[in-house]
Amino acid sequence: MKVDTAEKDTTRGTPLIRPCTRVYLILMGLSVVTWGIGKSGLAGLELALLVLAFGLIKGWLVGDYFMGLGRLRGFWRWPILVWLLIPGGLISLAFYLSYPV
């Protein structure tokens, strides 16, 4: 009996990990690293900015993949990114200016 291979290969080309799962794993990894930094008691301007950058990256990933803004064109793709960059930039500037030399 001959089996039609065209029907058997319907999963061919399907990635092992779906993009949403990959993004979810990245979000979990960044959260674990952030938790580890906080739990270990490390401090400093660079670490504070790194944790802030993790938060901005996580917000961008949520907006792009889970809110579906990554598939949009034009104006509606940018409000979340701008919303993240303006407060993130201002908070970074405040950290930088208030950090003792």
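1. Asp64 counts as buried because its relative accessibility is 12% (buried is under 20% relative accessible area, with a 1.4 Å probe and protein chains only). Keep in mind that this is a predicted model, where local features need pLDDT of at least 70, side-chain atom pairs count only at pLDDT 80 or more, and totals for chains, interfaces and linings use all residues. Residues are numbered from 1 along each chain as its sequence is written, and side-chain values use heavy atoms, with hydrogens and water left out.

2. Where does Asp64 sit? Its place is in helix α3, residues 45–66 (helices are DSSP runs of H or I, at least four residues, numbered from the N terminus). Setting aside neighbours within four places in sequence, Asp64 touches Leu69, Gly70 and Arg77 (contact means heavy atoms within 4.5 Å).

3. On to the helix itself. α3 has 22 residues and spans 31 Å from first C-alpha to last, close to the expected 32 Å (1.5 Å times one less than the number of residues). Just after α3, Gly68 has a positive phi of about 80°.

4. Besides Asp64, the buried residues of α3 include Leu45, Leu52, Phe54, Leu61 and Gly63. The buried residues of α3 pack against α2 and α4.

5. Now α2, residues 19–40. α2 and α3 pack at about 160°, with axes 10 Å apart (axes are lines fitted to C-alpha atoms over the stretch in contact, and angles run from 0 to 180 degrees between N-to-C directions). That makes α2 roughly antiparallel to α3 (angles over 145 degrees). The crossing is left-handed, that is, the near helix is turned anticlockwise from the far one by less than a right angle.

6. Who meets whom there? On the α2 side, the contact includes Val23, Leu27, Leu30 and Ile37, and on the α3 side Leu50, Phe54, Lys58 and Leu61 are among the residues. By class, the contact of α2 with α3 divides into 17 nonpolar, 2 polar and 1 charged (nonpolar is Ala, Val, Leu, Ile, Met, Phe, Trp, Tyr, Cys and Pro; charged is Asp, Glu, Lys and Arg; the others, Gly among them, are polar).

7. Last, α4, residues 78–98: the axes of α3 and α4 come within 10 Å and cross at roughly 175°. That makes α3 roughly antiparallel to α4. Leu45, Leu52, Gly59, Trp60 and Gly63 are among the α3 residues in this contact, with Ile80, Leu84, Gly88 and Phe95 among those of α4. The contact of α3 with α4 has 11 nonpolar, 4 polar and no charged residues.

Notes. Helix = DSSP H or I, 4+ residues; strand = E, 2+ residues; numbered from the N terminus. Buried < 20%, exposed > 50% of the residue type's maximum accessible area, 1.4 Å probe, protein only. Parallel < 35°, antiparallel > 145°, perpendicular 65-115°, else oblique.
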